[in-house]
Amino acid sequence: MALFGALFLALLAGARAELPGCKIRVTSKALELVKQEGLRFLEQELETITIPDLRGQEGHFYYNISEVRVTELQLTSSELHFQPEQELMLQITNASLGLRFRRQLLYWFFYDGGYINASAEGVSIHTGLQLSQDSSGRMKVSNVSCQ
C-alpha cells in the first residue's frame with residue numbers, strides 16, 4: 001500500500017509540472033524558405049540604401065561623389081548557415097551590382113562633372129550575424145563580422 005501511495009504522489013507531482021506548450025522542428029525546407037525570404041529582403045534593402053557622399057582632396061585634386069544609388073543587384077549564389085550560440089552566417093558569392101552616381105572633379109582650374117553608371121561583378125560578401133531578443137521579445141540582429 002505504501003508503494004501505491006508513493007507512486008500516486010509521484011504521478012500527482014508529475015502532473016503539476018509545466019509541460020512545453022509546443023515543440024517546433026526546423027526542417028531543411030524551412031531553412032531554404034528562410035534563406036529565400038532573407039535574400040529577397042536583403043535585395044530590397046540594398047536597392048534602397050542611402051550611401052553617404054564621398055569628398056576629399058589629394059594635393060591640388062579635389063573630388064566629390066554624391067547621389068549614389070544602386071540601380072541593379074543580382075545575388076546569384078548564396079549560403080545561409082546557423083552556427084552555435086545563435087549566430088547566422090551569410091555568404092554571397094559571384095554577385096553583381098550596378099551603381100549610378102554624380103561626380104565632380106577639380107584639378108587646378110580644370111573642372112569635370114556629370115553622372116556615371118558603374119557596375120561590379122564577382123562581388124563576394126561573408127558576414128556573421130548575432131541573433132538575440134530585446135526586452136520586449138522582438139528579434140534583434142547585430143553584425144558580428146563582415147568581409
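Ser96 is a buried residue, since its relative accessible area is 15% (buried means under 20%, exposed over 50%, and partly exposed in between, with a 1.4 Å probe and protein chains only). The model here is a predicted one, so local features need pLDDT of at least 70 and side-chain atom pairs count only at pLDDT 80 or more, while totals for chains, interfaces and linings use all residues. Residues are numbered from 1 along each chain as its sequence is written, and side-chain values use heavy atoms, with hydrogens and water left out.

Back to Ser96, then. This serine sits in strand β4 (strands are DSSP runs of E with at least two residues, helices are runs of H or I with at least four, and both are numbered from the N terminus). Once neighbours within four places in sequence are set aside, Ser96 is in contact with Glu72, Leu73, Gln74, Ala120 and Glu121 (contact means heavy atoms within 4.5 Å). Strand β4 also holds Asn94. Asn94 isn't a glycine, yet its phi is positive, at about 55°.

Next come the charged pairs. The count of salt bridges comes to 3 (a salt bridge is a side-chain nitrogen of Lys or Arg within 4 Å of a carboxyl oxygen of Asp or Glu). In one of them, Arg55 pairs with Asp53, and the closest N and O atoms are 3.6 Å apart. Arg55 counts as exposed because its relative accessible area is 59%, whereas Asp53, with 41%, is partly exposed.

Another salt bridge joins the side chains of Glu67 and Arg102, at 4.0 Å from N to O. Glu67 belongs to strand β2 (residues 61–74) and Arg102 to strand β4, so this pair ties together parts that are 35 residues apart in sequence. Glu67 is partly exposed, with a relative accessible area of 37%, and Arg102 is partly exposed too, with 28%.

Arg103 has a salt bridge of its own, with Asp112, where the closest N and O atoms are 3.0 Å apart. Arg103 counts as buried because its relative accessibility is 19%.

Leaving out residues up to four places away in sequence, Gly114 touches Phe101, Arg102 and Arg103. The C-alpha atoms of Gly114 and Phe101 are separated by 8.5 Å, and these two residues are 13 apart along the chain. With a relative accessible area of 22%, Gly114 is partly exposed.

Finally, there's a greasy bit of surface to look at. Phe61, Tyr107, Trp108, Phe109 and Phe110 make a nonpolar surface patch of about 670 Å². Patches are made of residues with over 30% relative accessible area and no salt bridge, joining like charges within 9 Å and nonpolar side chains (Val, Leu, Ile, Met, Phe, Trp, Tyr) within 5 Å; accessible areas come from the Shrake-Rupley method with a 1.4 Å probe, and for residues only the protein chains shown count as cover. Tyr107 is placed in strand β4, which covers residues 87–107, and its relative accessibility of 43% makes this tyrosine partly exposed. Trp108 is found in the loop between β4 and β5 (110–133). That tryptophan is partly exposed as well, with 48% relative accessible area. Although Trp108 is not a glycine, it has a positive phi of about 55°.
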